[in-house]
Amino acid sequence: MSENLEVARALREIADLLDLLGERFKPAAYQRASRSIESLTEDIAEVAKRDQLRAVPGVGEAIEEKVREFLRTGSIDYLVKLRAEVPPGVLELVHIPGVGPKTARRFWTDLGVQNPAELRAAIDAGRLVGMTGFGPVKIAKIHAALDQATMAGLRRPLLEAARVAERIVSALRERAPVDQVEVAGSFRRRRETVGDLDILVTSAEPEKVFDVFESLEGATVALRGPTKETIRTSEGWQVDLRVVAAESFGAALQYFTGSKDHNVATRSLARDRGLKINEYAVMRGEERLPSATEADIYRSLDLPWIPPEIREAQGEIEAARSGRLPALLEPSDLLGEFHLHVAPSVDDAALAQLAGAAHRAGLRSIGLVPESDAEAARLGAWAVKRTSPRVLVGREVKFGDPVPNSLALPAFVVWSAAGVEPPRPERAARPHGPTGWLGHLGGDPETAAGPRRIAAWVDWATATKMPLEVTSGPGYDGLDSVSLRRFTEANGRVVVSELGLGTERTRALAVGTARRAWVTKASVLNAAGWP
DNA sequence: GCCGTTTTCGGCCCGACTGTTTTCAGTCG
């Protein structure tokens, strides 16, 4: 598993380099293969072993050979050769907002500029003045972008995106003349990390909506047209707002939710049927088909509506076509929350309040996680009196440490993998103790070491039938949806935790992470229907 | 480089926006 990301990165770098060298279609081909391998739920080395690489979308004869070379030797000759043709800093030029491969290539070949620092020096020395295609406005924009280039291209945790999205959406609902408002893009698909926010609204008065949008606190306008405006928030988020007609809302929502590969697949289905889908409507020749809702769009393809979380071109189209879409976990399926840390200072009144909140949230049981044995004893005495919801007292224990049992065994254990190296697979034994599950897998998903660690833990959990905890993203527990899907497909069980109570946001995000992994309530220990 | 029950060759998503243009190229999503 660990090599998937490395292979994807190598292919992505080939794509970027080819782009800079002016290749026409190869970059897109390498990009597609890279994306496809990145979101693969299976170990690429296993796929290669089974001789199924060509079945991966976007992998043909040439890329198969390069993947095999990488798996065999850890590098790709072709990539090494390309790197030699392009100075390393030139790749960074492409990451400056507003600078693409064509522009970066001209800086490099026409001006000899090889990295962002040299570009800044060239601008300061006035060397761009007089180059065709570079007026004063464009030069100033590039200079400004260089000053804040650090934010560009960065993806941040889903939970962080949720806070920004909620703030903007509620401001628009309150202050702007909008009807429907929806956040599309990777946020709506609940990707673990989000690069920018894409908001769609319907409104009869787009200009007024934009006026409100750009007056949000800390907002600076990046661009504004009649149907679209882009701002940058003070925290560095890029937020796009599009105003569409109500009759196009479904088409636009489907289009801007993506993923890119899912859209390629739906468009190709449309083509097979003599239809054409764009962001405004489904068209049959000159005839406009209903496009106000996403269901309209999928109906035109004879498909049921597909939940956004699984729109990744990873089998959802085929499943929809054959009527085998899974009934994904719903927030209302969760009947227990078992990861409620309680402070030592918490008194009976506060506990009663917590239980009341859980009851109102529809939970039948909750699990309290105190920090000490003394606290556990005190909470245990209180808990036996509660029946609605039922209250259990558990402990969070560092994996490998003994379970504390000074008075009574805790009812459950959250094993924390934080900072603990995964056991070797041959030592596939669950720790002794009460019912437990493994959380805090840790690891940074954006670095190479993170996924490898997580994969090792997931392999171990699969072998030992240890359940895994799912929360609202890798910012907390490190478990990404690709690994999670692999785990549940191998019959792994999960506990979905929002790590708190009464915040719709965290529950929605935790459930969203599970849904991305095609998790149904049958795999979820704290859901309805679990024996 | 990939892909195909209309193609094994000839296509490759496409529209919005910007800045520079006198009709368009580049970037972005």
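A salt bridge is a side-chain nitrogen of Lys or Arg within 4 Å of a carboxyl oxygen of Asp or Glu. The exercises below apply this to a predicted model.

**Exercise 1.** State how chain A is divided into domains.

*Solution.* Chain A has domain 1 (2-152), domain 2 (156-244), domain 3 (248-321) and domain 4 (331-528). The centres of domain 2 and domain 3, taken over C-alpha atoms, lie 23 Å apart. To their contact, domain 2 contributes 14 residues and domain 3 contributes 13 residues.

**Exercise 2.** Describe the interface of domain 2 and domain 3, and find how many salt bridges cross it.

*Solution.*
1. Area: about 1,200 Å² is buried between domain 2 and domain 3, with 65% of it on carbon and sulfur atoms.
2. Salt bridges: the rule finds two across this interface.
3. A pair to check: Glu312 and Arg189 form a salt bridge, with their closest N and O atoms 2.8 Å apart. The cut-off is 4 Å.
4. Polar contacts: five residue pairs are found across the interface of domain 2 and domain 3.
5. Elements: on the side of domain 2 that touches domain 3, α11 (185-188), β4 (197-202) and β7 (238-244) each give two or more residues. β4 gives the most, with four residues.
6. Classes: that side of domain 2 has seven charged, four nonpolar and three polar residues.

**Exercise 3.** Decide whether Gly60 is buried, partly exposed or exposed.

*Solution.*
1. Gly60 sits in the loop between α3 (44-49) and α4 (61-73).
2. The relative accessible area of Gly60 is 25%. Buried means under 20% and exposed means over 50%, so Gly60 is partly exposed.
3. Ala33 is 27 residues from Gly60 in sequence, and their C-alpha atoms are 8.9 Å apart in space.

Key
Residues are numbered from 1 along each chain as its sequence is written. Chains are lettered from A and ligands numbered from 1 in the order in which they are written. This is a predicted model: local features need pLDDT of at least 70, side-chain atom pairs count only at pLDDT 80 or more; totals for chains, interfaces and linings use all residues. Side-chain values use heavy atoms; hydrogens and water are left out. Buried means under 20% relative accessible area, exposed over 50%, partly exposed in between (1.4 Å probe, protein chains only). Domain bounds come from an automatic or database domain assignment. Contact means heavy atoms within 4.5 Å. Buried area is the accessible area (1.4 Å probe) that two parts lose on being put together, summed over both. A polar contact is a pair of N or O atoms within 3.5 Å; within protein, one must be able to donate a hydrogen and the other to accept it, and residues adjacent in sequence count only if both atoms are side-chain atoms. Ala, Val, Leu, Ile, Met, Phe, Trp, Tyr, Cys and Pro count as nonpolar, Asp, Glu, Lys and Arg as charged, and the others, Gly among them, as polar.
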